[in-house]
Every structure is written in C-alpha cells, then in structure tokens.
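This report describes a sheet with its packed helices and one further helix. Please read it alongside the sequence and model.

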Amino acid sequence: MLTIKNLHANIGEKEILKGLNLQVNAGEVHAIMGPNGTGKSTLASVIAGREKFTVTQGRITFNGKNLFDLSVEERAAEGIFIGFQYPVEIPGVSIANFMRTAVNEQRKYRGLDPMSIFEFQAMMEDKQKIVELTDKLAGRSVNEGFSGGEKKKNEIFQMAMLEPKLAILDETDSGLDIDALRIVANGVNKLKRPDNATVVITHYQRLLDYIVPDFVHIMYDGKIVKTGDKTLALELEEKGYDWIKS
Amino acid sequence: MKFTCKIKHLDAYLLILHNGVFDQKSIQHFAPPKGIKITPNPEKTGNFKLEVAPNTIVEKPLQLVNVIDTPENLDVVHAFEVVVGEGSTLSLIHCDESMNKVKNTIQTHVSIELKSHSSLQYYNLQNINNHSTLNNQTEVKQHNHSRLISHTYTLNGEFLNKQQHIDFTEEFANADVQGLYLLDKNQDYFHRIRLNHNQPNGLSNQLFKGVLDDSAKAHFEGHVFVAKHAQKTEALQNNKNLLLTDKANVQTHPFLEIYADDVKCSHGATIGQLDEDALFYLRTRGIPEKQAKTLLMYAFANDVVRNVYLDPLREYLENLIKRRLNGENITCEDCVFFN
C-alpha cells in the first residue's frame, strides 16, 4: 500500500529525514517509536504534503501512485488520513459543515455523487458514537475550545467519517488521560479492516497496550534503525532510548 | 409600478424613492402601517421625515429602497429623518440601488432619533455598480434606555464612504454597531465612526470586519469618546481585516478618548492573512485549496452576519457573501424597478 524508499527531507537547510525506508501493507498496524527530534512528525508531515519540508531524495508510492505528484487534498482523497498531534482550532467553521464539505469533495474526486443531508446526518451520529462524543458536536466550531482529549477524539471521529485506506496517527496519545486514551484507542481498533492500514507514531509504549501493532519500528536520527514485533516496544520501554543511541 | 426584491420571505412594508426623491409616487404605493407617519420636508424637495408614534411595535420591517434608474450620470442626494417614539420598536432596511451601468454619485444623509426606551434595527445595504460612488452619512441621537442595532454591508461599488456619528445624550443608551466590507479590484472603502458616550451607564459595541482582495483599499477610523461624568460606560471596539494579496491595503485607526475613570473600554485592530495551519488542516481532509480558503473567509465574515436578527435577511446575506467570496460580482439582479 505505502512504500517509502530512501527518503531524505529538509526543513530549510537542515536535513531531518536521512534515508528512511518503510513498507506498509493492507491489514497491518505499524507503530513508529523514537525519542524526540528524530523526525517522526516530519515523516507524517511529508506524507501529508506540508510545503515547508523539501524532499531531496527518495520516493513514496501509495497504491502505485507517486505521492509527490499529488496535492495535499488529492492525497487525502486517495485515502491517506493524518491524525494531528496538535489539531488546529478553526473558529466559525462548524464540524458538520467541515465534514460535509470534506466527505463530498472526496466523493467528487472518486466520481461519486454528493451524500444527501439525511444520509450525512445519520453517518455523523453513527460515527461520533465510536469515540463517545456527544451529539452537540455538529454545531461546534472545529476544535475551538475543545479539551486536549476532545481534540484527539475529534481526529478519530474525522477518520471514521472519511474511512481512509491508510491512517497515520501522529502522537495521538500525547496529552490524554487514561480514559480518553482508552476511548481513542478503541476507536482506532473499531475502524480496523483487512483492507486498511494504520501507522501510529508514539513516544511511549503505553498506547500499544491498547492498539496492538504487527510491526514496531524504532526511529533515530532520521532513519528507521530497528524493526520488530510488539515485543520490541516492551524491550525499548525496559532499556530506554539510550540503548538505540549506543 | 412593480418592485421585486430577491430576499425570500421578507415580508416588509416597502417604501421606494425614485432617484433619491420622495414624491407622490412613493406615497401612492406605500401603505403605512398604523403608528407610522411620513411627512415630506417642505423646505427640501424629495426629503422626508418618518415618525413612529410612541408605544408602537412595528411588526414587519420597513424596507426603504432608493432606486437610481436614469440613463445619464447622476448625482443623487437624498436625506431623511427617522424618529422612533418613546417605547417603540422599528426595523429599517435601507438599500441604495443603482444597477444601471452608468457612473453615479449617491449621497445619503440619514438622521435618527431614538426616544427613551425605544429600539431600532437599522440595516444599511447597497446594490450599486462598480463605477459608482456612495457616500452614506448617518447621525444618531439616543435618549435614555434606547437601543440601536446597526449593520452596514458593502459588497460592491467603486468609492465607498461611510460616516456614522452616534451620540448618547441620556443615560443607559445601548448601541451595537457592526459592519462587513468585502472588497476586490480597485475598490476603495472609507469608514469613520464617532461614538460619544456623553452620559453615564452607556453601552456600546463595535465590530467591523473586512476581506480585501486584489488592489482594494480600506481605511477604518473608530473614535470612541467618553465624557468625564459618563461613569460606568462600557465601550468595546474591534476592527479585523483579512488581506488576500500583497497589493491590498488596510489602514485601521482605533481611538479611545476617555475622561471618566470608572469605565470598561477596549479596542482591538488586526490585519492578517488566512491562517496557513488551518488551511493545511482543511486540505488534509480532502478539501481543495480554493474551497478551503472560501470556508475560512466565510467563517471570518459570518462573525458579523450571524448577528442579523431578521432571518430572511440574514439567510439572503449569507448566500450573497458566499457567492461574493467565490469571486462572483454580486448584484441583486432581481431587484428591478418597473414603471
């Protein structure tokens, strides 16, 4: 599904990603772990298409397409979803209006008719249950005045609405208390299907008690330096990141 | 004579001025509701005075449309006076309409007096071609416990000049003055507001927002004056602008002049661009850049429009603003005047 080969990316003059390789197939859950500043979030940003990062070498293909030929919105419509570490507050844009525009624009890209208001409302009600958000959500402005937990639940809610093929969740567990963490993780698990894939980027092993990965990758200094199964995360927890650095 | 206005379900009393003149024709086609009296000004032809009798709730809004429909260039001056009697309520929609193609200069002078415990909603709209100049001047005098809600919308025209002067002549007056200007090409907008808190316990709120594209220019001056004995005054002022290009230009001058010591006053002015992070966030959900920009601009503008109390007017404005932000040249094309 997603193939990353020898990816190098800069911000300004500074090289952040230094030859990263990753293969994600349908039905798999991957976890990317690593200390702060190793380029985990940069990887998510480059996949999303953030302009401030320059790709200097390497390639990313998604279902056979060269990702760098696609705009930010086209990548989304092809089925890539990014769950943000810091979701943006957008005063004045209601969640309902935002999601309806997003769902219908993605449908348009795929050659489908727009969804009717009734269908859409039913879908909203259905999907917000996945992350235990109240029905008052629709009229609220996107993330405005949301607590940290609500913002992350809202990310998973959007993921549920957009039904991506590949979800990349960047530090979705940061700033969550244990209840919110459980709800967010359950949401991700409920959305798992044989034809989609999830990549969770995390700093702590804690999230992986709830979302069980098929592969754990350890990232250090702009590269994936070690890959294993879920026991690798436990080993890392025990030995600390210094083990990787040495 | 037939007049249609595109605002759906707006059930209003309609008063039409022809090229700025209030005349026999205007009177003929206007059935004044109970409690409203209109008298021509004997000194100045075409001008008039509109009075709402004390303790009258005028149920339907009154829509005053100044239709300019001559084939030649025209300087139109029209003036009227509105007096809302003690304890009375009125909603007034004032439209200047010149959708002929020639260059006009339109000047309006509106003088408003709000007697004690009265309230007025005043909506100032326009529908003029992009070669024309519009000067709107409004003076308001507010007595005790009177309430003014004023909205000014600017979507078209070439030179636009708005001057508002509001005086609180007695205690407990309340004014909520808002406006929105969406400008592009070479449109040039000027707005000066002077709000005088001459007496204690007054409350005023100003909210003006602008979106400027291409080489459009805007100049906003908001002057709030609080007299020495006008204690317990609360005055808020906000002017926010969104610049879409490097060539668009905004000057904003908020100005508070306060002589009383027990007051709550604030002002804010911002000039900014669309939030890049918000734009990126919307795009990562599959919303194309153009639509994402429109969504953000609309959210910015809606801050003002959502405060319009008359539902049909608000819905109409929302639609008009969405289309304007999509780059359409906005005219109320159904606003037609037939003889």
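The text below covers a sheet in chain B and a helix in chain A of a predicted model.

**The sheet of chain B**

In chain B, 9 strands make up an open sheet with parallel pairing, in the order 2-5-7-9-11-13-15-17-19. Strand 2 (13-18) and strand 19 (264-272) of chain B are the edge strands; each has a single partner strand, so one side of each lacks a neighbour in the sheet. From one strand to the next, the twist averages 10°.

Within this sheet, strand 11 (residues 147-154) and strand 13 (residues 174-183) of chain B are joined in the parallel sense by 8 bridges. H151(B) has Q178(B) in strand 13 of chain B as its bridge partner.

**Helix 5 of chain A**

Helix 5 (residues 148-162) of chain A has 15 residues and spans 22 Å from first to last C-alpha, close to the 21 Å expected at 1.5 Å a residue. Of its 15 residues, 12 are buried, so helix 5 of chain A is largely enclosed by the rest of the structure. Among the buried residues are K151(A), E155(A), F157(A) and L162(A). The buried residues of helix 5 pack against strand 6 (80-83), helix 3 (95-109), helix 4 (117-130), strand 9 (166-170) and helix 6 (178-190) of chain A. Just after helix 5 of chain A, E163(A) adopts a positive phi of about 45°.

Key:
Residues are numbered from 1 along each chain as its sequence is written. Chains are lettered from A and ligands numbered from 1 in the order in which they are written. This is a predicted model: local features need pLDDT of at least 70, side-chain atom pairs count only at pLDDT 80 or more; totals for chains, interfaces and linings use all residues. Two strands pair if DSSP finds at least two bridges between them. Helices (H or I, at least four residues) and strands (E, at least two) are DSSP runs, numbered from the N terminus. Axes are lines fitted to C-alpha atoms, for helices over the stretch in contact, and angles run from 0 to 180 degrees between N-to-C directions. The expected span of a helix is 1.5 Å times one less than its number of residues. A residue is buried if 20 or more other C-beta atoms lie within 10 Å of its own, exposed if 12 or fewer, and partly exposed in between; C-beta atoms are placed from the backbone. Two residues are in contact if their C-beta atoms, placed from the backbone, lie within 7 Å.
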